[in-house]
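Here are my notes on this one, jotted down while going through the model. Have a look at the structure first, then see whether you read it as I do.

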Amino acid sequence: MKTHYDLIVIGAGPAGTPAAMAAAQFGVKTLLVDKREAPGGECLFEGCIPSKVLENAANRYWDVVNSDKFHIELDGAEQMHWNGVLKDKDEIVKNRSLSTLKQIKKMPSLDYKQGEAKFVDSYTVRINEELFSFDKALIASGGKTLFPPIKGNGLNKVWTNRDIFFEETLPKELLFVGAGAVSCELVQMFNKLGVKCHILERSARILKHVSQDGALLVQENMLQNGIKIDFNTNLQKIDYENNRFKVYFTQGNEEHVLEYEHVVMATGRGANVDGLELEKAEVEYDAKGVIVNEKLQSSQSHIYACGDCIKGPKFAHTASYEAGIVVHNMFAPSTHVVKFDKNSWVLFSDPQVGIVGIDEQTAAARRIEVDVEIYKYAIDARSQIDKKIDGFLKFIIDKKSKVIIGIEIVNEDASSLIGEASLIVANEMSAMDVLKAIHPHPTLTESFGKLAQQIFFKSMMKRG
């Protein structure tokens with residue numbers, strides 16, 4: 001016998017949970033199912049939140065160790081208690097997850113079930129051997145770490161980002177494979193805690209999704225702080241023997257072998273759709289995940305997908321944005337389409353990188369002529385006071401409309417500054433619109449006004 005729901009949501013992360021709760025608030029009988037006992041997804045349990053707890057601790061410890069630059073003398077006996085950091089992480093994760101679960105239990109139209117969902121057909125799923133039918137479904141099963149096709153008996157023993165946060169002892173050394181966002185965040189955090197860190201990267205620089213100027217500032221910081229990076233590498237094999245890894249790679253025509261206690265695989269993210277048995281529901285998918293249209297419908301019009309299990313930006317906040325689109329399109333009389341031109345994201349590196357809107361390359365591909373204006377934090381009062389003068393603020397401006405269509409921030413506090421940047425791009429503001437705001441002095445947010453003023457003076461000189 002089947003239990004019927006108006007909507008079944010598979011995955012209780014940043015996509016599935018808000019979608020299920022929003023639908024239930026409108027009286028839609030909804031089932032939210034996840035492999036975990038409580039909602040949160042990888043972002044909460046192994047991704048965004050644990051890594052930011054580590055980032056917070058690492059940055060504060062780093063400031064203490066380097067306090068002499070502010071003329072503060074300590075006794076040289078500074079210690080980092082790793083078990084305390086893990087305890088903080090566990091408490092924050094638990095409290096946030098249970099808080100959400102309590103909200104769910106208060107909603108009469110929403111049920112939560114732990115289990116693994118598998119499609120039986122296009123209107124039925126099996127969860128823990130029980131059958132559930134639905135009118136509509138949302139696949140929000142998230143993402144997973146992609147492993148390169150290499151040889152060796154050590155591949156099943158390497159860590160991913162999730163494993164690091166279950167290690168009870170702070171590692172002495174870490175070898176990271178890949179220099180994308182996950183790797184670059186973690187490697188700098190552990191480096192600040194005194195862990196010997198090394199990166200193998202197959203390309204000529206780190207962070208291929210960040211501008212070269214921004215990526216090179218992060219890269220230079222890494223090298224200055226003792227992080228070793230091997231570029232243009234080709235990974236061959238990972239073996240494990242005598243409690244150590246042997247990593248074989250080529251660089252040019254030379255063969256190399258590295259021995260490390262721990263190896264962290266950070267070679268990209270893919271869709272987590274294995275085991276859903278999508279073919280039984282006739283839902284089309286490929287190597288990048290469930291195939292959806294701009295309304296986030298799959299090949300079955302009543303089955304939607306969003307978040308990391310589809311092609312597109314893989315961020316928690318973007319997944320939540322997509323969830324809102326899905327619920328609207330499922331139950332509202334009108335439809336919305338996803339638009340990522342105003343998407344924002346932050347890399348919690350050192351310095352941090354914040355990006356919103358489209359970059360120069362995307363603009364060029366769309367044949368949009370742009371002006372690029374830059375404010376360097378080396379001349380900024382707040383940056384000089386903080387002794388953090390590296391970085392810049394960049395406006396990408398549509399020449400025709402004068403609208404700021406993209407902003408890049410490379411700064412120690414880009415995660416705070418990105419809020420104003422998001423509002424500027426979302427509201428299609430020009431530099432003259434930004435200039436109307438009176439920014440307090442001396443603050444980092446003042447840089448927006450300074451850059452707008454710089455653009456205004458340049459335009460006046462051209463008129464003269």
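What is the order of the strands in the open sheet of 5 strands?

1. Bear in mind that this is a predicted model. The strand order comes out as β19-β20-β23-β22-β21, and the pairing is antiparallel. At the edges sit β19 (344-347) and β21 (370-376), each of which pairs on one side only. From one strand to the next, the twist averages 10°.

2. Inside that sheet, take a look at β20 (residues 352-357) and β23 (residues 404-411). These two strands run antiparallel and are joined by 6 bridges.

3. Now for a helix pair. α3 (residues 48-65) packs with α4 (residues 82-105) at an angle of about 140°, and their axes are 10 Å apart. So α3 and α4 count as oblique to each other, since the roughly antiparallel label is kept for angles over 145 degrees. The crossing of α3 past α4 is right-handed.

4. Who makes that contact? On the α3 side you'll find Ile49, Pro50, Val53, Leu54 and Ala57. α4 brings Trp82, Val85, Asp88, Lys89, Ile92 and Val93. Sorted by class, the contact of α3 with α4 has 9 nonpolar and 2 charged residues, with no polar ones.

How values were computed: Residues numbered from 1 in each chain as written. Predicted model: local features only at pLDDT ≥ 70, side-chain atom pairs only at ≥ 80, totals over all residues. Heavy atoms only, no water. Axes fitted to C-alpha atoms, helices over the stretch in contact; angles between N-to-C directions. Helix = DSSP H or I, 4+ residues; strand = E, 2+ residues; numbered from the N terminus. Parallel < 35°, antiparallel > 145°, perpendicular 65-115°, else oblique. Left-handed = near helix turned anticlockwise from the far one by under 90°. Contact = heavy atoms within 4.5 Å. Nonpolar A, V, L, I, M, F, W, Y, C, P; charged D, E, K, R; others polar. Pairing = 2+ DSSP bridges.
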